[in-house]
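Hi,

Here is the structure we talked about. Please open it beside this note. My findings follow.

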Amino acid sequence: MKKLLSMLLVLSMAAAMTGCAGGSTSGTAPETEAPAESTEAADESAAEDEAQDAETADTEDVAEVMSYDEYMAADLDSQVTIEAYVQAKQSWWENQATVYTQDEDGAYFLYNMACSEEDYELLTQGTKIRVTGYKTEWSGEVEIIDASFQIVEGDTFIAPALDVTEMLGTDDLINYQNQFVQFNGLTVEAAGQDEDGNDVAFLYSYDGSGSEGDDLYFNASYNGETYTFTIESYLCDSTTEVYSAVKALEIGQTVNMEGFLYWYEGVNPHITSVSIAE
Amino acid sequence: MNRKRKIFSTVLLAVFCASSLTGCHGKREQTAFAVPESFDTSKEYEITFWAKNDTNKNQTDIYKKAISDFESLYPNITVNLRLYTDYGKIYNDVITNISTGTTPDVCITYPDHIATYLTGDHVVVPLEELFSDESYGLGGSELRFDSPAKDEIVPQFLEECSFGSHYYAVPYMRSTEACYINRTYVEALGYTLPDVLTWDFIWEVSDAAAQKNADGTFLLNGQEVMIPFIYKSTDNMMIQMLRQKGAGYSTDAGDVQIFNDTTEELLYTIAEHTGSGAFSTFKISGYPANFLNAGQCVFAVDSTAGATWMGSDAPLIDIAEESLTDFEIAVRPVPQYDPEHPQMISQGPSICIFNKDDPQQVLASWLFTQYLLSDQVQTAYARTEGYVPVTLSAQNSEEYQDYLSRAGEDNDDYYSVKIQASTLLLQHAGDTFVTPVFNGSASLRDASGQLIENVTKSVRRGETVDDAYLETLYSDVAALYHLNELSAPAGSRQDLGPLPGTAVALLGALAGIWVLILGCLLGSRLKRKNKNH
């Protein structure tokens, strides 16, 4: 009888352990799915592996690289391939990078381009990249979206800041959209008022609704016209020199500035440096 | 040049959350919160409040005033305000801070997001005990201000904060979507604006508005740009269309139902009208208000909480003055399939409280949260946009009723479009709905909008939208948003379906073996008994 009982207990344990083993089988499901998860590790418009695929496709079936003029002539929503040099990086988020690029002829704003975090580190200033994506316009900003890229080894280029001060307020200015530019001899104007009604030289967010770390907005005038400039906090966060410099501005000071000629319902320069004119 | 495109995707967060919060389990378990008997006024408490504003200085001013007034009532509590303009950014930051144990104390959020926060143990405080506490609960005797009683919070809005068998939030403000219309254009096209828009009407008028002159300019406005119908939040668009059609979106348990025949039919319709130039979206083209105000749009759908940007006389304008056009604006509920039974989304910020080691700290957070529900804060904040207060006491207050009655007195506080938007929600509160909340419901929401965004983009790029395209789209979107991994909210039971055959066989075998064991034992006992006798 004892033998029979022992046998039955062993059988029972074996069956129970089979149950446990079943648990471990279902536990492997996430592992099985893990590769899919990692390949899905990208945002809505461009997964990293899609980017890889696109890169492969680029090399296998090389799209013709457009000149800047050809790019500008291309229809909105059409696929474009360009080569340009990284000038600055605005942000990386969930395998998407937003980058300011330029060549000798013009500039290209790359919005939410598929880019792994590792590749983002490789996008140093001056690096040449080939980009394939779709030309689009968002609130006046002409840009490339849903793009993938590959680094092109070889030459580098850092764009000199083009002086567009005299073009402020003219229709010609948009022809330099997204380029690295400079504005010289502008006078700081009031950006708004503080809680006590005193004029202030800058605001957190466009109306003062923001706080430290948010975009800074400030006004500066030239030839009697006042223009608004922005410290885009993704491009230049609160730890940067330019962020501090703008917070230290005083109304009436004369300033020189550099930045990118971004567009949002009109010119909206993303300033990267501000200095007080001698 | 004011509002910006800073869109935070929540796509990967669900995955990140699931892994990082699960990782937290072993690291740092928070104990469940229990309401203290009394609030300790002898100690100083510092609480952090993460708040969202609609890029609207009036709103940040109201937060600051509310904090200042509250601190006067409770001098031993200091509230540190951190401002956001994007729910997605708050969500991301909360997720990051859950894993490090540095969540805020009080946070403006969406119920969809809270469902993800609940993946960790006791991260968010369930509020039932706090609601009902005699001293410090809603309308409690020991409060130093007039707090609403539980039945004074609009029941429907409060229920929106209940999931997983608990209240994990209180509503703060409510809004819905509205269609802001250039009535001048509608009538110029020979149409009469109905009280309730139908989808057929929207598409027909939009197609008519997309007609061009020989030189490429648009007949209606003579400009080079005209997007007759622009939708800000395409996730809401898809959700409301499905609801109005009685089609599936998701079950309460988190089963995804959006990939159905009705969705296909809707996407074909959207593709058709994108092809005719009648339709686009915020993500693709820009803010609906900017196109509307520039005379480049007929129908702009956006939140009622975006009403202050709508119209040529709007208090907030984002385009150059010379681009503004003068037109008569009308406000209507979102388009309907059955105008006799309109249905529209209920949305807006809610407030949750994060658990802390010190229950007194949590109680301090609860006191502040309740203060945000007081009449003075509710009415002041609701007036900043097309919101409505979430308490009946604030809604029925003399101040708020007076405010509503003065629509159009000026183009600032009494801006008519803003008050019309609020009134729209008040009149249609019974026609609003919310979608089920579960861990991953935020991803499903994103996915539903993504279907529309992708189809719209593809049509604009000259791609063919057909059955094969949609099949691939469904598969890609399901994978991208991990829709196969969604789950019911923490604390709720999920129906896992019938046991598989192998499990049934195994359990049967176990039961059989134990019957045999017991039989043997019984047999041997009987034998022994018989022997002894």
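In chain B, helix H19 is followed by B:His482, whose phi is positive, near 55 degrees. Helices (H or I, at least four residues) and strands (E, at least two) are DSSP runs, numbered from the N terminus.

A word on conventions. This is a predicted model: local features need pLDDT of at least 70, side-chain atom pairs count only at pLDDT 80 or more, and totals for chains, interfaces and linings use all residues. Residues are numbered from 1 along each chain as its sequence is written, while chains are lettered from A and ligands numbered from 1 in the order in which they are written.

Now chain A. Its domain assignment (automatic or from a database) gives domain 1 (48-151) and domain 2 (162-276). Their C-alpha centres lie 26 Å apart. Each domain puts 14 residues into the contact, counted when C-beta atoms, placed from the backbone, lie within 7 Å. On the domain 1 side, S1(A) gives the most, with four residues.

A:Asn112, in strand S3, has phi near 50 degrees. A:Asn223 also has phi near 50 degrees and sits in the loop between S11 (216-222) and S12 (225-231). Which is buried, with 27 other C-beta atoms within 10 Å? A:Asn112. A:Asn223 is exposed, with 10 such neighbours. The cut-offs within 10 Å are 20 or more for buried, 12 or fewer for exposed, and partly exposed in between, with C-beta atoms placed from the backbone.

Best wishes

Definitions and conventions:
Two residues are in contact if their C-beta atoms, placed from the backbone, lie within 7 Å.
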